[in-house]
Amino acid sequence: MTDRLEGREKVTGTARYAFEYPVRNAAYAAAVQASVGKGQVRSVDAEAALRLPGVLAVLSCENAPELSDTSDGELALFQSRTVSFRGQFVAAVVAETLETAREAARLLRVEYAGEAPDVRLRADHPGLYKPDKVNPVFPADTEQGEPEKAFADSAVRVDAVYTTPAEHNNPMEPHATIAQWNEDGTLTLYDSNQGASTVQATIAKVFGLDPSRVHVVSPHVGGGFGSKGMPRPNVVLAAMAARAVGRPVKFAVPRQQMFATTGYRTPTIQRLRLGADEDGRLNAILHEVTEQTSTVKEFAEQTATPTRILYQAPHRLTSHRVVALDVPTPSWMRAPGETPGMYALETAMDELAVAAGIDPVELRVRNDTDREPESGLPFSSRNLVACLREGSERFGWAGRAPEPGARREGRKFVGMGVAASTYPAYQRPNQATARAEPDGTFTVRIAAADIGTGARTALALIAAETLKEDLADVRMEIGDSAFPRASVAGGSAGTAGWGTAVVRACEALRGKLNGAVPPGGIEASADTGEELRARAEYARHAFGAQFAEVEVDADTGEVRVRRMLGVFAAGRIINPTTARSQFIGGMTMGVGMALMEQSVMDREFGDYLTRDLAQYHVPVCADIRDIDAAWVEESDPHLNPMGAKGIGEIGIVGAAAAVGNAVHHATGIRVRDLPITPARLL
Ligand code: MOS
């Protein structure tokens with residue numbers, strides 16, 4: 001139980017975030033967004049903007065320098081006249097102050113040849129196609145047995161379509177960058193991101209530099225959830241602008257511009273078919289997904305992949321179809337794939353439980369499996385049933401009346417729902433160094449990112465444990481591309497991947513320590529690439545069970561989550577204090593998904609109409625009442641030296657289904673389109 005090491009710095013305001021770095025002589029950038037949904041920039045009239053005192057430069061497709069690499073359409077800033085979606089950055093102004101930059105951006109006159117954009121995702125869109133693979137490398141389609149026939153022949157069947165809306169990551173700290181070109185031609189970026197090494201490599205390529213000439217500094221990051229997993233246009237814009245004016249340039253994406261430029265969760269249309277025998281044993285599972293990407297870059301979400309691993313069934317089918325619309329490119333948002341996919345699968349499982357007259361917990365237990373169904377691989381560990389049992393016990397599931405609408409307290413209908421949760425236990429190659437200092441302390445370095453997760457603290461604990469030293473004597477340094485190369489804080493793979501490198505570096509250092517440390521210190525390093533390549537084949541996933549109790553106002557349709565409990569099996573939990581926050585944070589985001597969050601597309605003109613937290617609702621403290629997370633002891637020798645699986649994303653997976661299933665249990669109304677707003681219950 002260790003408090004966050006940088007907690008004091010954060011709450012006292014001394015932790016420094018990207019935009020706050022004190023660079024000398026900084027200028028400020030403001031971006032201009034396309035006001036048409038599709039078309040061409042005809043002209044950019046900068047005259048009025050340039051007349052404003054304090055304006056230093058205007059950048060657009062008419063004068064921007066050519067970038068060395070434009071393979072990532074999202075980062076190919078101002079490289080063409082084409083407008084691919086409304087809200088795309090088409091120009092920028094650099095000025096002495098932020099206020100001047102914003103005013104000048106307003107004065108810029110951009111003329112367009114516009115066309116009507118196609119922004120509406122439909123299951124019958126003529127442009128739908130099968131992607132080569134879905135994020136990152138999964139096959140788009142899988143099929144085993146005779147799913148259609150087996151489904152038709154099943155005694156109990158569910159056939160339903162579920163939809164989830166576009167949703168946006170809304171980190172507290174915006175996407176922000178200070179770019180500074182140094183006299184020796186190197187580039188320093190103070191940047192808010194989920195991986196300094198990734199930003200370094202990507203931006204070096206865009207500007208045609210050797211990666212060693214790009215230095216990314218990001219020790220503190222105020223949230224990301226996937227939206228900062230790759231550099232966004234803000235980084236390119238700041239670097240381009242800084243070069244143009246020969247001064248450091250600061251640029252933070254205002255929240256209103258974030259909705260078009262920093263990624264979002266694709267909307268989905270999902271058809272689920274479950275066929276079972278009378279005892280609820282699944283015979284057929286069919287999960288067909290329709291989702292969107294952009295014309296700029298393909299992002300095909302892996303929405304149906306959890307269905308490939310969760311329940312046994314001899315006959316199976318999953319498929320993904322995408323259509324490239326005139327919209328911003330969807331991207332990663334906390335558990336991309338698992339989150340919307342498990343909403344649909346776990347709601348369908350609830351419908352099957354009702355149809356078969358079987359308790360929803362029991363139905364899931366009955367369809368558990370000790371081999372990953374589609375690959376046939378053994379699980380390194382799988383404790384879904386333990387989570388379901390432990391959660392039932394703690395939550396008081398046994399007292400739940402099976403029929404919906406049975407419990408009423410005054411104006412409130414009250415119900416309980418459950419859903420399973422799963423997320424892969426990924427691990428990527430990493431490097432780290434560990435150093436014994438002459439004063440008896442230790443310094444451990446890795447370019448890892450702490451996006452508010454507690455990663456720094458977990459890594460310090462891992463280092464101290466391996467070194468057999470006091471935590472107070474270990475200096476954990478992260479968030480800098482000058483440190484050994486690290487994988488991104490994504491895919492819930494941070495602690496497992498970074499931690500392994502930290503363990504190996506610390507072990508190597510211990511091997512070198514014998515006697516006094518010389519004045520220059522002693523350093524050891526590690527690279528875990530080989531170790532990962534040598535791993536035996538297992539299906540590695542974390543599992544969990546989500547329980548929710550809701551009350552639904554009979555008159556207004558308002559849903560309140562009264563109680564929520566998640567029980568997880570995620571290997572060894574390194575630091576219970578921050579792990580619990582991670583789980584609860586994910587579950588809270590799941591409540592938002594269930595009841596509030598949706599980004600509304602302007603169907604006529606393009607771009608999202610929801611552009612701030614007044615319109616895009618996320619849960620606040622008053623919405624989150626009795627919420628708790630627990631975990632079962634799980635020892636898994638097939639993971640990494642810590643025995644840890646990831647915990648960053650599993651908390652959100654299944655949470656929305658648990659809430660929706662509780663709403664059905666309370667009211668008898670099955671809402672299949674998120675979010676479950678009052679209008680959908682009346
Ligand atoms: Mo997470 S969406 O893999 O940062």
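Helix H6 (residues 233-245) lies across strands E1 (27-33), E3, E5 (89-95), E11 (176-181), E12 and E14 (249-252), and runs at about 30 degrees to E11. Helices (H or I, at least four residues) and strands (E, at least two) are DSSP runs, numbered from the N terminus. Axes are lines fitted to C-alpha atoms, for helices over the stretch in contact, and angles run from 0 to 180 degrees between N-to-C directions. Two residues are in contact if their C-beta atoms, placed from the backbone, lie within 7 Å.

The model is predicted: local features need pLDDT of at least 70, side-chain atom pairs count only at pLDDT 80 or more, and totals for chains, interfaces and linings use all residues. Residues are numbered from 1 along each chain as its sequence is written.

**The seven-stranded sheet**

An open sheet of 7 strands has mixed pairing and the order E3-E5-E1-E14-E11-E12-E13. Strand E3 (55-60) and strand E13 (214-217) stand at the edges with a single partner strand each, so one side of each is left without a neighbour in the sheet. From one strand to the next, the twist averages 20 degrees. Strands pair if DSSP finds at least two bridges between them. Strand E12 (residues 187-191) and E13 run parallel and are joined by 4 bridges, with Thr188 opposite His215 in E13. Helix H5 (residues 196-207) packs on the sheet, where it touches E12 and E13, and its direction makes about 145 degrees with that of E13.

**Pairing around strand E17**

Strand E17 (residues 315-325) is joined by 3 bridges to strand E9 (residues 142-144), and these two run antiparallel. Glu143 has Leu317 in E17 as its bridge partner. Strand E16 (residues 282-294) pairs with E17 in the parallel sense over 11 bridges. Thr293 stands opposite Ala324 in E17.

**Helix packing**

Two packed helices are described by the angle between their axes and the distance between the axes.

| Helix pair | Axis angle | Axis distance |
|---|---|---|
| H14 (residues 576-595) and H15 (residues 655-667) | roughly 50 degrees | within 7 Å |
| H11 (residues 455-467) and H12 (residues 494-512) | about 30 degrees | 9 Å |
| H8 (residues 338-356) and H15 | about 30 degrees | 8 Å |

Angles under 35 degrees count as roughly parallel, over 145 as roughly antiparallel, 65 to 115 as roughly perpendicular and the rest as oblique. The axes of H14 and H15 cross at roughly 50 degrees, which makes H14 oblique to H15. H14 passes H15 in a right-handed crossing; a crossing is right-handed if the near helix is turned clockwise from the far one by less than a right angle, and left-handed if anticlockwise. In H14, the residues Gly586, Met587, Gly590, Val591, Met593, Ala594 and Leu595 meet Ala655, Ala656, Val659 and Gly660 of H15. This contact has 8 nonpolar, 3 polar and no charged residues. Ala, Val, Leu, Ile, Met, Phe, Trp, Tyr, Cys and Pro count as nonpolar, Asp, Glu, Lys and Arg as charged, and the others, Gly among them, as polar.

H15 also packs against H8, which passes H15 in a right-handed crossing. Met342, Tyr343, Glu346, Thr347 and Asp350 of H8 make the contact with Ala656, Ala657, Gly660, Asn661 and His664 of H15. By class, there are 4 nonpolar, 4 polar and 2 charged residues.

For H11 and H12, the angle is about 30 degrees, which makes H11 roughly parallel to H12. H11 passes H12 in a right-handed crossing. Residues in the contact include Leu459 and Ile462 of H11 together with Trp498 and Val502 of H12. The contact of H11 with H12 has 10 nonpolar, 4 polar and 2 charged residues.

**Domains**

Domain bounds come from an automatic or database domain assignment, which gives domain 1 (337-425 + 540-682) and domain 2 (431-533). Their centres, taken over C-alpha atoms, are separated by 35 Å. In the contact between them, 18 residues of domain 1 meet 14 residues of domain 2. H14 supplies the largest share of the side of domain 1 that touches domain 2, with 3 residues. The residues of that side divide into 9 nonpolar, 7 polar and 2 charged.

**Local backbone features**

The peptide bond from Asn135 to Pro136 is cis, with omega near -10 degrees. Pro136 is placed in the loop between strand E7 (133-134) and strand E8 (138-139). The bond from Leu674 to Pro675 is also cis, with omega near -5 degrees, and Pro675 is in the segment after H15. Asn25 has a positive phi of about 65 degrees although it is not a glycine; Asn25 is in the loop between helix H1 (7-11) and E1.
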